[in-house]
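Please open the model in your viewer and keep the selection tool at hand.

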Amino acid sequence: MDIFIKLSQFLLSLSLLIILHELGHFIPAKLFKTRVEKFYLFFDVKYSLLKKKIGETEYGIGWLPLGGYVKISGMIDESMDKEQMALPPQPWEFRSKPAWQRLIIMLGGVTVNFILAFIIYIGMAFAYGDTYIANADLKDGLLIENKAMQNAGFMTGDKILAVDGEKIAKFDNEINAKIVMGKQILIERNGTQQKIKMPADIIDQLSKFEKGPIVSIRIPFVIGAVAAESKNTMLQPKDIFISLNGEKTKYLDEAKLVLAKNKNKTIPATIIRNQKEERINVVVSKEGTLGVQLGGLGMDSLEKLGYYKVSKQEFGFLESFPVGITKGKNQLIGYGKQLKMIFSPSTGAYKQVGGFKAIFDIFPSYWSWETFWSITAILSIMLGVMNLLPIPALDGGHVMFLLYEIVSGKKPSDKFLENAQMVGFVLLITLLLFANGNDIYKAIVGK
């Protein structure tokens, strides 16, 4: 069932992005009276799953879910229709239109991608608001168990004050991305501020250790379930440890340290059960465990217990616009930084480039519209930026040649464009194989 939910979200998001992207090409093409022969979701290599011709356009769904396309008459594209291009230009063909119209048609797809992302962020601001913990309220700092972060010099209890000079005002879903893309992090440790320089290859280092958040909030030691073979059957689900062997254990990471020091011992403990403190004795195994499964508490419960103050800011309809636009702008800038890291060999970020499985794995195994729209907005930005790369066969490649034509007044020959398209196609296949090859390699080695 979990994989079905993930797959449903993946296909829905991918289909929505492809259809709207191609619609961005389709609409201006029709406005400029350019014939569109096909409009397809997914590729119809040899045959299609569904198809129906309406007017001059065939609409359909292909069987190969690697993207989608619109086939515009008189345009050198992935179809490589040389027979059509060998005939005299017709008024309804792409090649017969003025350069500025062709430029608008080619920019339509990425324009829709960016507009869609901003609309989603505006809608999310209005529907969900902004939930976060103020950075000033993280009195005991953050949990940092990631080995790569520890190797870089971070420790549990550190407070992240600023990234590259930008003050961190709140702890939210964006904090991990900001840190990993930062060059210098200002922290506070035991009341003293210090700067940590992030390793250039931090992304590569992160991939070598167990997956997990870069930093996260510290949580209490909560019982989720007690194993049948446990020697601590007096424990119950939702019990919260606040001390072990006389040492304060407000957080799980503190409890782990105490248990590690008291292996094979029976020690006193204080727990909170049904909102009351109780004192018990617990048996610590030779592995430093209690024979229990960990449980979790929602942010509301953590707030009631006095761990954190959760802030939620709600926005009216008009207020949502600047909030959503700012969010979209920050995501766009952030993705630009990621691309820069990927194209810088010293960072090792290129090793983490993923294909369809990597995108599939982003979606959770539960259905959440908030999470779905958040991921779809990010993917829309990624699709827009990637399509703008000046690679022949991508929208950016066509735009590059059109800008040359507009500036120089000289149109590249059809033969040159055909050769450039073929080179671009080979580059894209290479990138596709590399990205999906990375997915396969990670699946084999488990990282």
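Select N190 in this predicted model; N190 sits in the loop between strand 8 and strand 9 (192-197). Its phi is near 55°, a positive value in a residue other than glycine. Is N190 buried or exposed? At 78% relative accessibility, N190 counts as exposed, because the cut-off for that class is over 50%.

A second residue with a positive phi is K46, where the angle is near 70°; K46, too, is a residue other than glycine. Select K46 in strand 1 (residues 36-54). K46 is exposed, with a relative accessible area of 84%.

**Salt bridges**

The structure holds 17 salt bridges. Begin with R189 and D158, whose side chains meet at 2.7 Å, N to O. R189 belongs to strand 8 (residues 184-189), while D158 is in the loop between helix 4 (147-152) and strand 5 (159-163), so the pair ties together parts that are 31 residues apart in sequence. R189 is buried at a relative accessible area of 17%, and D158 is buried at 0%.

Next, select D253 and R218. They form a salt bridge in which the closest N and O atoms are 2.7 Å apart. Which parts of the chain does the pair tie together? D253 lies in helix 7 and R218 in the loop between strand 10 (216-217) and strand 11 (221-226), so the bridge connects parts that are 35 residues apart in sequence. D253 is buried, with a relative accessible area of 12%; R218 also counts as buried, at 8% relative accessibility.

Move on to R273 and D239, another salt bridge with its closest N and O atoms 2.7 Å apart. This pair links distant parts of the chain, with R273 in strand 14 and D239 in the loop between strand 11 and strand 12 (240-244), 34 residues apart. Both R273 and D239 are buried.

**A buried asparagine**

Select N262, in the loop between helix 7 (252-261) and strand 14 (266-273). N262 is buried, with a relative accessible area of 5%. Which residues does N262 touch, not counting those up to four places away in sequence? They are N245, I267 and V284. Display the side chains of N262 and N245 together: a polar contact of 3.2 Å joins them.

**The largest cavity**

A search of the whole structure finds 2 cavities of 30 Å³ or more. The largest cavity has a volume of about 240 Å³. To locate it, select I76, F94, H398, F401 and L417, which lie nearest its centre among the 21 residues of its lining.

Then colour helix 3 (99-128), helix 12 (395-408) and helix 13 (414-445), each of which supplies at least two residues of the lining of the largest cavity. Which helix gives the most to this lining? Helix 12 does, with 5 residues.

Note on methods:
Residues are numbered from 1 along each chain as its sequence is written. This is a predicted model: local features need pLDDT of at least 70, side-chain atom pairs count only at pLDDT 80 or more; totals for chains, interfaces and linings use all residues. Side-chain values use heavy atoms; hydrogens and water are left out. Helices (H or I, at least four residues) and strands (E, at least two) are DSSP runs, numbered from the N terminus. Buried means under 20% relative accessible area, exposed over 50%, partly exposed in between (1.4 Å probe, protein chains only). A polar contact is a pair of N or O atoms within 3.5 Å; within protein, one must be able to donate a hydrogen and the other to accept it, and residues adjacent in sequence count only if both atoms are side-chain atoms. Contact means heavy atoms within 4.5 Å. A salt bridge is a side-chain nitrogen of Lys or Arg within 4 Å of a carboxyl oxygen of Asp or Glu. On a 1 Å grid over the protein atoms alone, a cavity is a set of points where a 1.4 Å probe fits but cannot get out, and a pocket is an open set with protein on both sides within 12 Å along at least five of seven lines; lining residues have an atom within 4 Å of a point. Grid points are joined across faces, edges and corners, and a volume is the space filled by probe spheres set on the points.
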